[in-house]
Amino acid sequence: MRLKRITLIALTSLLTTGVAPLLPTSSVPFLAQPLLAQTSVEPKAEADKLLQQGIEQYRTSQFREALESWQQALAIYREIGDRQGEAKSLGNLGIAYSSLGQYQHAIAFHQQSLDIFREIGDIAGQAKSLNNLGNAYDSLGQYQHAIAFHQQSLDLFKEIGDIAGEAKSLGNLGNVYSFLGQYQKAIAFHQQSLDIFKEIGDIAGQAKSLGNLGNTYDSLRQYHHAIAFHEQSLDIDKEIGDIAGQANSLGNFGIAYYRLGQYQKALTFHEQSLNLAKEIGDRAGQANALGNLGNVYNSLGQYQKALIFYQQSLDIKREIGDRAGQAKSLNNLGNAYDSLGQYQKVIAFYQQSLDLAKEIGDRAGQANSLMGLGNVYNSLGQYHHAIAFHQQSLDIFKEIGDRAGQANSLNNFGNAYSNLGQYHHAIAFYQQSLDLAKEIGNRAEQANSLGNLGIAYSNLGQYQKAIAFHQQSLDIDEEIGDIEGQANSLGNLGNAYYSLGQYQKAITFYQQSLDIFKEIGYRADQVSSLNNIGAAYNDLRQYADASTTLLDAIDIFESLRPSELADANKVSLFDTQARTYRNLQQALVAQNKTNQALEIAERARARAFIELLASRISDNSNKVLQDTVNPISTEPPTIEQIQQIARQHQATLVEYSIVFNSLYIWVIKPTGEIPFEQVDLKDKSLADLVKTTRNSIGVRARGSTEESEIEDDSQANRLRQLHDILIQPIAKFLPTNPEERVIFIPQSSLLLAPFPALLDENDQYLIEKHTIQTAPSIQVLDLTHKRRPQVPANASEVLVVGNPTMPEIATDFEKPLEKLDSLPGSEWEAKNIAQRYNTKPLIGAQATKAAIMQQMPKARIIHLATHGLLDHFLVHQQITKGKEAWLEALEAPGAIGTPLVVDHTDKS
């Protein structure tokens with residue numbers, strides 16, 4: 001029964017840029033305030049004026065303008081020999097470069113500022129420079145460096161008795177420990193900072209400390225605590241008239257309510273924050289508010305609106321030169337396209353964000369972008385790609401000491417291994433994540449880890465253990481108000497009860513999960529919930545309910561699979577949802593609605609190939625297409641259209657569908673009749689039988705070292721077994737005239753079945769009784785027929801290729817290159833076919849890609865006889881080092897494709 005289930009893995013794919021404040025108010029650097037000149041010397045007064053002017057420009061996000069003002073001030077201070085003014089200007093230039101994301105420049109200026117303050121004995125200046133250095137290293141994700149500088153700053157402030165300075169250093173230490181996921185330590189520092197500000201009556205400082213405490217509790221997913229602190233912070237900001245502070249507090253309110261799933265409240269607060277930022281001309285504040293509005297609309301399922309806000313946020317960040325902010329906005333755009341299922345765009349945005357984070361040296365940003373890439377490849381079912389990205393992410397989090405990030409990466413590692421069926425590996429990663437989350441007090445991460453442990457134990461058949469973990473996860477989710485987490489936990493509890501055969505109880509949990517996903521607008525997760533409900537209805541034999549539910553799931557899923565997705569990604573994504581189509585076929589067949597089941601079986605076939613063919617045909621819009629069954633469309637064919645296709649081809653179509661332990665077979669006759677047969681596979685594995693049969697007749701996979709030692713009798717037995725399963729049940733429906741065509745539409749492992757060689761009980765090969773063709777789907781058959789009129793009128797040549805010069809190939813980038821064996825059999829084959837068509841084949845060194853591509857447009861028949869290279873071995877080019885030679889080898893001209901015959905002759 002587990003084969004029917006879509007597991008609701010509680011993926012910890014949340015990027016910090018997705019929902020957290022894009023520029024937390026807790027890490028505002030301390031500007032070195034200018035000491036206005038009391039002298040009549042004009043240059044000094046001018047420099048002081050420029051220094052103050054830069055500060056005002058900085059406060060309204062005019063970072064480049066502030067940079068220019070401080071550079072001018074620096075030049076004057078140096079000219080008149082004012083070392084203190086020079087140090088302040090250098091420090092402020094460092095702050096400006098930090099805001100522009102140029103952290104290495106910032107560090108260089110802060111270091112120069114620190115050196116001068118040390119030279120002139122200004123301890124307060126040294127303390128501020130150390131704090132600014134800490135902020136720059138914090139932005140780079142180099143948290144241990146940041147802690148060291150903030151601690152030195154704190155010690156100096158204590159030495160000179162600057163209590164306000166102590167409070168600021170304590171607050172910055174709290175920020176760093178919060179980024180490290182050490183939230184209890186962070187809370188302790190922020191509380192100390194707050195106590196000092198209260199002691200000295202610094203109301204503005206109190207507001208900042210309260211905001212920082214709120215942010216920390218938000219990270220702990222203790223949203224009600226967070227709201228209480230933000231409320232106190234906002235009250236103070238209003239009391240003292242700090243508009244920028246009010247805007248930040250309102251934004252933090254919005255984030256907390258967003259986390260609670262109260263999206264309308266969140267929208268209200270973010271809009272208020274945006275309006276205040278506009279009122280004071282704070283461009284950075286506007287960008288943050290726009291980004292946060294995008295987050296809310298993304299969760300509401302209003303993805304186009306979210307994209308507009310994210311783009312506006314990105315535009316402002318580009319305008320003010322905030323490169324770190326740009327990287328975060330790019331990640332947010334990736335998140336929105338992820339919700340739309342447009343994974344190619346997701347990958348592009350995460351990659352841009354990664355490149356920018358690398359450029360500015362932001363290690364934490366790099367780790368987040370890599371984690372995002374890992375998650376999207378996991379969504380696409382490309383789990384080895386996902387693991388490679390998560391490994392890079394984990395390595396960076398370890399390097400910078402970010403334990404919360406490590407816990408997240410470990411969970412994602414576990415997800416990938418779980419999807420690969422390596423559950424013990426997954427459990428080890430989940431347990432490490434859980435231990436780390438407990439250590440740092442991260443309740444949300446604990447809930448994720450517990451949920452994932454439950455899934456792994458469920459997959460191992462330990463369902464009571466799984467239920468215990470899922471219940472613990474649900475309890476934490478309810479405690480911290482994590483509504484999405486509750487939905488995942490409820491779905492996972494449903495899975496466990498489903499596996500125990502308690503289907504009605506499972507449906508109750510699935511329905512609760514579905515209701516939440518609808519409420520928060522998570523459409524992809526609705527597909528999973530609906531599929532699970534449908535599978536449970538099937539087992540309860542409530543097939544009508546199952547059909548309705550599963551059809552809803554498919555409609556939503558197909559709306560998430562846009563045409564611009566790359567072909568390889570379409571295939572991977574479709575594979576992750578294929579069981580929904582199988583569940584629906586099962587429900588329809590159980591109701592004797594076999595024709596409708598055929599429509600669903602066809603709906604699940606070769607979608608990426610179909611879209612490619614349709615686009616190729618549509619690109620030739622000037623061609624008049626005649627004798628076509630239906631317009632050029634990617635919509636799956638109806639029963640009537642399927643019957644028309646059989647009539648048009650004057651052929652009998654045989655479509656197979658493997659549905660759990662059954663094989664469904666439809667025979668579509670040219671007359672329009674569609675008989676149906678169901679074969680109980682019981683414990684038979686068609687995949688194994690096809691593999692051993694192919695091996696017995698000498699067909700082995702590339703690189704296989706197995707030698708066929710199977711006796712002729714055993715070979716014949718396997719061919720008979722396949723015949724008994726695939727042909728015998730429908731033999732009475734097949735044409736008796738050997739000249740009449742039979743077109744097989746196989747699925748999955750049956751695509752490799754040697755149909756022509758199948759033996760009946762009289763030891764007669766199938767090819768002796770029927771003219772055989774195959775196609776990946778009925779719709780592909782139709783589209784290739786439509787493409788024939790586009791073949792140029794002069795395409796009369798026949799292109800035959802055989803046994804090209806073999807390249808050196810590695811099936812893995814860690815293995816040495818090996819030259820492929822030559823194929824003398826394919827050379828013999830090519831020469832004989834070429835002789836039949838009175839043409840000259842391309843053999844050996846003549847069979848180059850350039851030569852083949854030159855002749856293809858002129859050919860009506862193309863025959864390629866060579867090795868085939870499948871892209872299963874390919875990896876994303878950014879994954880790891882040491883693979884260049886491997887990738888180059890895959891471009892070798894000798895391995896030009898799988899054996900293929902394309903016949904442009906119209907045989908209808």
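The model is predicted, so local features need pLDDT of at least 70 and side-chain atom pairs count only at pLDDT 80 or more, while totals for chains, interfaces and linings use all residues. Residues are numbered from 1 along each chain as its sequence is written, and side-chain values use heavy atoms, with hydrogens and water left out.

**View 1. The protein chain as a whole.** The protein chain holds 39 helices and 11 strands. Helices (H or I, at least four residues) and strands (E, at least two) are DSSP runs, numbered from the N terminus. Of its 908 residues, 57% count as buried. Buried means under 20% relative accessible area, exposed means over 50%, and partly exposed lies in between (1.4 Å probe, protein chains only). Among the contacts in the protein chain with a separation of 6 or more, 65% come from residues 24 or more positions apart. Contact means heavy atoms within 4.5 Å.

**View 2. Helices H3 and H4.** Helix H3 covers residues 63-80 and helix H4 covers residues 83-99; their axes come within 9 Å and cross at roughly 160°. Axes are lines fitted to C-alpha atoms, for helices over the stretch in contact, and angles run from 0 to 180 degrees between N-to-C directions. H3 and H4 are therefore roughly antiparallel to each other. Angles over 145 degrees count as roughly antiparallel, under 35 as roughly parallel, 65 to 115 as roughly perpendicular, and the rest as oblique. H3 contributes residues including Phe63, Trp70 and Tyr77 to the contact, and H4 contributes residues including Leu90, Leu93 and Tyr97. By class, the contact of H3 with H4 has 10 nonpolar, five polar and two charged residues. Ala, Val, Leu, Ile, Met, Phe, Trp, Tyr, Cys and Pro count as nonpolar, Asp, Glu, Lys and Arg as charged, and the others, Gly among them, as polar.

**View 3. Ser69 in helix H3.** Ser69 is found in helix H3. At 3% relative accessibility, Ser69 counts as buried. Leaving out residues up to four places away in sequence, Ser69 touches Leu50, Gln53, Gly54 and Gln57.

**View 4. Helices H13 and H14.** The axes of helix H13 (residues 263-279) and helix H14 (residues 283-299) come within 8 Å and cross at roughly 160°. H13 and H14 are therefore roughly antiparallel to each other. H13 passes H14 in a left-handed crossing. Among the residues that make the contact are Tyr263, His270 and Leu274 of H13 and Ala289, Leu293 and Tyr297 of H14. The contact of H13 with H14 has 10 nonpolar, six polar and two charged residues.

**View 5. Salt bridges.** A salt bridge is a side-chain nitrogen of Lys or Arg within 4 Å of a carboxyl oxygen of Asp or Glu. By this rule the count comes to 17 salt bridges. One of them joins Glu399 and Arg363, with the closest N and O atoms 2.4 Å apart. Glu399 lies in helix H19 (residues 383-400) and Arg363 in helix H18 (residues 363-379), so the pair ties together parts that are 36 residues apart in sequence. Arg363 has 22% relative accessibility and counts as partly exposed. Glu439 forms a salt bridge with Arg403, where the closest N and O atoms are 1.9 Å apart. This pair links distant parts of the chain: Glu439 is in helix H21 (residues 423-440) and Arg403 is in helix H20 (residues 403-419), 36 residues apart. Glu439 counts as exposed, at 53% relative accessibility. Arg78, Arg83, Glu86 and Glu119 are linked in a network of salt bridges.

View 6. Asn459 has its place in helix H22 (residues 443-459). Asn459 is buried, with a relative accessible area of 8%. Asn459 and Gly421 are 38 residues apart in sequence and 8.3 Å apart in space, C-alpha to C-alpha. In helix H30 (residues 594-603), seven of the 10 residues are buried, so the helix is largely enclosed by the rest of the structure. The buried residues of H30 include Leu598, Ile600 and Glu602.

Definitions and conventions. A crossing is left-handed if the near helix is turned anticlockwise from the far one by less than a right angle, and right-handed if clockwise.
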